[in-house]
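Please read the following account with the model open beside it.

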Amino acid sequence: MKTVISKDGTPIAYWASGSGPALVLVHGMGSERTRWAPVLPELERHFTVYALNRRGRGGSGDGGPYSLEQEFDDVAALVDSIGAPVFLLGHSYGAIVSLEAAARAKSVAALVLYEPPLSTETDPFVEPSVLGRLEGLLARGDREALMVTFLREVVPMPAEEVALLQAAPNWPSRLATAHTIPREQRATNAYRLKAADFANFRVPTLLLLGGESSAFFRLAIDVVKAALPGAKVLELPGQKHVAMNTAPAMFVQVLVDFFR
């Protein structure tokens, strides 16, 4: 484990492995760096992989009152510390973070965003009633119920995919991140992508969408595509929100093809 110091002085932990061009992996909500375990060995054959733990997770600090903007700075700090052109991949909440970080960092060579959860005034990522229940579960210390409720009702994820995650070796690590879920959900509900901020954005970008994903994610991809006219959209046939788990070989090949 190594750390990089973010703009606000918070240490952000990351693990580097493999060889080849630099690839930074930014995980989503309710997870941490080990969520990449199904694809990490194959990615290491093609890239030097930098898998970070976003703030509030093992090895990374938490820096006072939370804001989404801090996360943008965290990823930008890691990217710019590498000192070479960097490929950047963000999944779900990590895709929002990666998009904004790519606009701040100096050395992003290409960007992949997998289903960022963009809210609107009429269609929030998390309904207030659901968010209230999740906050109640956290207050009672029931991390298991919080995580399962988040995956089933918010993502949403089929029961069989949730069972797949529960059986994975990193499930305890996921549960350790449960305290970050409600705050990140509130940040997602409040975040609005401002197309004007990306008027001069020239980083080659691929937007990934599961072929079986919900209409919510399809609309979000449309919003990002409108803000980044040069971005390409690729559907992953038969997949939903976690193709790195359900179709790891396909997922890696898409990344290798695009970054090459």
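Which residues in H2 are buried? In this predicted model, the buried residues of H2 are Leu68, Gln70, Glu71, Phe72, Asp74, Val75, Ala76, Ala77, Leu78, Val79 and Ile82. Because 11 of the 15 residues of H2 are buried, this helix is largely enclosed by the rest of the structure. Its length can be checked as well: helix H2 covers residues 68-82, and at 1.5 Å a residue its 15 residues should span 21 Å, which agrees with the 22 Å that separate its end C-alpha atoms. After H2 comes Gly83, with a positive phi near 75°.

From this helix we may turn to a strand. Strand S4, made of residues 48-52, has five of its five residues buried, so it too is largely enclosed by the rest of the structure. In a regular strand the side chains alternate between the two faces of the sheet. In S4, Thr48, Tyr50 and Leu52 point one way while Val49 and Ala51 point the other way, and all are buried. The pairing of S4 involves strands of both senses: strand S2 (residues 11-18) runs antiparallel to S4 and is joined to it by five bridges, whereas strand S3 (residues 22-26) pairs with S4 in the parallel sense over four bridges. Val49 takes part in each of these pairings, being the bridge partner in S4 of Ser17 and also of Leu23.

The aromatic side chains give another view of the fold. A search of the whole structure finds 10 aromatic pairs. One of them joins Phe47 and Phe259, whose rings lie 5.8 Å apart from centre to centre with 85° between the planes, an edge-to-face arrangement. This pair links distant parts of the chain, since Phe47 is in the loop between helix H1 (40-44) and S4, Phe259 is in helix H11 (residues 248-259), and the two are 212 residues apart. Both partners count as buried, Phe47 at 4% relative accessibility and Phe259 at 8%. The rings of Phe216 and Phe217 also form an edge-to-face pair, because their planes stand at 85° with the centres 5.6 Å apart. Phe216 is buried with a relative accessible area of 14%, and Phe217 counts as buried at 2%. Ring pairs also link Phe47, Phe87, Phe258 and Phe259 into a cluster.

Rings meet charges too. The charged end of Arg33 sits over the ring of Trp15, at 3.8 Å from the ring centre, and Arg35 lies over the face of Trp36, at 5.7 Å from the centre of that ring.

What of charges that meet other charges? A search of the whole structure finds 13 salt bridges. In one of these, Arg183 is joined to Asp62, with the closest N and O atoms 2.9 Å apart. Asp62 counts as partly exposed, at 27% relative accessibility. Helix H8 also contributes Arg186, which forms a salt bridge with Glu135, the closest N and O atoms being 2.9 Å apart. Glu135 is partly exposed at 28% relative accessibility, and Arg186 is partly exposed with a relative accessible area of 47%. Beyond such pairs, Arg54, Arg57, Glu71 and Glu184 are linked in a network of salt bridges; Glu71 is among the buried residues of H2.

Finally, the backbone deserves a look at a few places. The peptide bond from Val155 to Pro156 is cis, with omega near -20°, and Pro156 is placed in the loop between helix H5 (143-154) and helix H6 (159-167). Ser92, although not a glycine, has a positive phi of about 55°; this residue lies in the loop between strand S5 (86-91) and helix H3 (93-104) and is buried, with a relative accessible area of 7%. Glu115, also a residue other than glycine, has a positive phi near 50°. Glu115 is found in the loop between strand S6 (108-114) and helix H4 (128-139), and at 0% relative accessibility it counts as buried.

Technical notes. Residues are numbered from 1 along each chain as its sequence is written. This is a predicted model: local features need pLDDT of at least 70, side-chain atom pairs count only at pLDDT 80 or more; totals for chains, interfaces and linings use all residues. Side-chain values use heavy atoms; hydrogens and water are left out. Buried means under 20% relative accessible area, exposed over 50%, partly exposed in between (1.4 Å probe, protein chains only). Two strands pair if DSSP finds at least two bridges between them. The expected span of a helix is 1.5 Å times one less than its number of residues. Rings of Phe, Tyr and Trp (its six-membered ring) pair if their centres lie within 6.5 Å; planes under 30 degrees apart count as stacked, over 60 as edge-to-face and the rest as tilted. A charge sits over a ring if NZ of Lys or CZ of Arg is within 6 Å of the ring centre and within 35 degrees of the ring normal. A salt bridge is a side-chain nitrogen of Lys or Arg within 4 Å of a carboxyl oxygen of Asp or Glu.
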